[in-house]
Amino acid sequence: MPQAIYNHYVETSIYTSEFDPRNAEQISMRIDTTIEAGLPFLVAVARGNQPKGPKGFVSEKIVGYASLDDWTDQSSIYRYTFELELYVHPGYTSQNIASCLLDRLLEMANTGYNARGGYDYRNDFDYLKTGPSRVIKTIVLLVHKEHGEKTDETSKFLKQFNFSCAGHIAQMGFKLGKVVDLFFYRHTTTEIIDPNGRPTVAL
């Protein structure tokens, strides 16, 4: 369950905005909402976990996850804009897990993206077999840094996946005795959007 990964960052870092950990029900609801919206919620599983039994289930070690969520709602001018959430288990950092998750997610979200591959992807169900059911034009990633901290490594990593820094707000938050700066990174897909179109979902 991604709950333990997320809560680690809630309780020990400035990388989440919350102070209180999420319970299992809240995480399950978040996953269900994402799936029902036709958007990706991908998990990375430690190598060596192979499906067993008649239905292919196994107790898996989840080492990271990535998901997209609506920036606002489907009835607004931002209906093609989505926020990326990406976290890796603290015991599995620097093992290319974030790269694999981001690569696969962008392959699903952007028809013009050339995936790198190099990892196993398994989906035994109908979920996103043909990609997200929503048109995705802009993906936004919010990155928290301690005030004055350099972003060189973050920018270098994200540039590999065509994310660019689109904004910076200094002293945006305060947590664990730290002053937090907020950086906006943006990936623009190759999808063609008609600016004259109106939302198909009512408010």
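## A tour of pockets, pairs and a patch

Start with the second largest pocket, which has a volume of about 1100 Å³. To find its centre, select Tyr15, Leu86, Tyr87, Leu141 and Val143, the closest to that point among the 36 lining residues. Now colour by element. Those giving two or more residues to this lining are α1 (3–12), β2, β3, α3 (97–109), β4 (138–146) and α4 (152–159). Strand β3 supplies the largest share, 6 residues. By class, the lining of the second largest pocket divides into 16 nonpolar, 10 polar and 10 charged residues. Keep in mind throughout that this is a predicted model.

**Next stop: the cavity.** The structure holds 1 cavity of 30 Å³ or more. The space inside the largest cavity comes to about 40 Å³. Select Pro2, Arg22, Ile27, Arg30, Ile31, Phe41, Tyr65 and Glu85 to see its lining. Helix α2 (residues 24–36) gives the largest share of that lining, 3 residues. Sorted by class, the lining of the largest cavity has 5 nonpolar and 3 charged residues, with no polar ones.

**Stay on two of those lining residues.** Show the side chains of Glu85 and Arg30. They meet in a salt bridge, 3.2 Å from N to O. Glu85 lies in strand β3 and Arg30 in helix α2, so this pair ties together parts 55 residues apart in sequence. Are the two partners buried or exposed? Glu85 is buried, at 15% relative accessible area. Arg30 counts as buried too, at 16%.

**Other salt bridges.** The whole structure has 6 salt bridges. Select Asp70 and Arg134 for another one, at 2.6 Å from N to O. This pair also links distant parts of the chain: Asp70 sits in strand β2, Arg134 in the loop between α3 and β4, and 64 residues separate them. Asp70 is buried, with 16% relative accessible area. Arg134 is buried as well, with 14%.

Move to helix α3. Glu107 and Arg104 both lie there, 3 residues apart, about one turn of the helix. Their side chains form a salt bridge of 2.8 Å, N to O. Glu107 counts as partly exposed, at 33% relative accessibility.

**Last stop: the surface.** Select Trp71, Ile77 and Tyr78. These residues form a nonpolar patch with about 320 Å² of accessible area together. Where does Trp71 sit? Look in the loop between β2 (62–70) and β3 (81–88). Trp71 has 31% relative accessibility, so it counts as partly exposed.

Note on methods. Residues numbered from 1 in each chain as written. Predicted model: local features only at pLDDT ≥ 70, side-chain atom pairs only at ≥ 80, totals over all residues. Heavy atoms only, no water. Patch = residues over 30% accessible without salt bridge, like charges linked within 9 Å, V, L, I, M, F, W, Y side chains within 5 Å. Areas by Shrake-Rupley, 256 points an atom, 1.4 Å probe, with all protein chains shown as cover. Salt bridge = Lys/Arg side-chain N within 4 Å of Asp/Glu carboxyl O. Helix = DSSP H or I, 4+ residues; strand = E, 2+ residues; numbered from the N terminus. Buried < 20%, exposed > 50% of the residue type's maximum accessible area, 1.4 Å probe, protein only. 1 Å grid on protein atoms, 1.4 Å probe; cavity = no way out; pocket = protein on both sides within 12 Å on 5 of 7 lines; lining within 4 Å. Points joined across faces, edges and corners; volume = space filled by probe spheres on them. Nonpolar A, V, L, I, M, F, W, Y, C, P; charged D, E, K, R; others polar.
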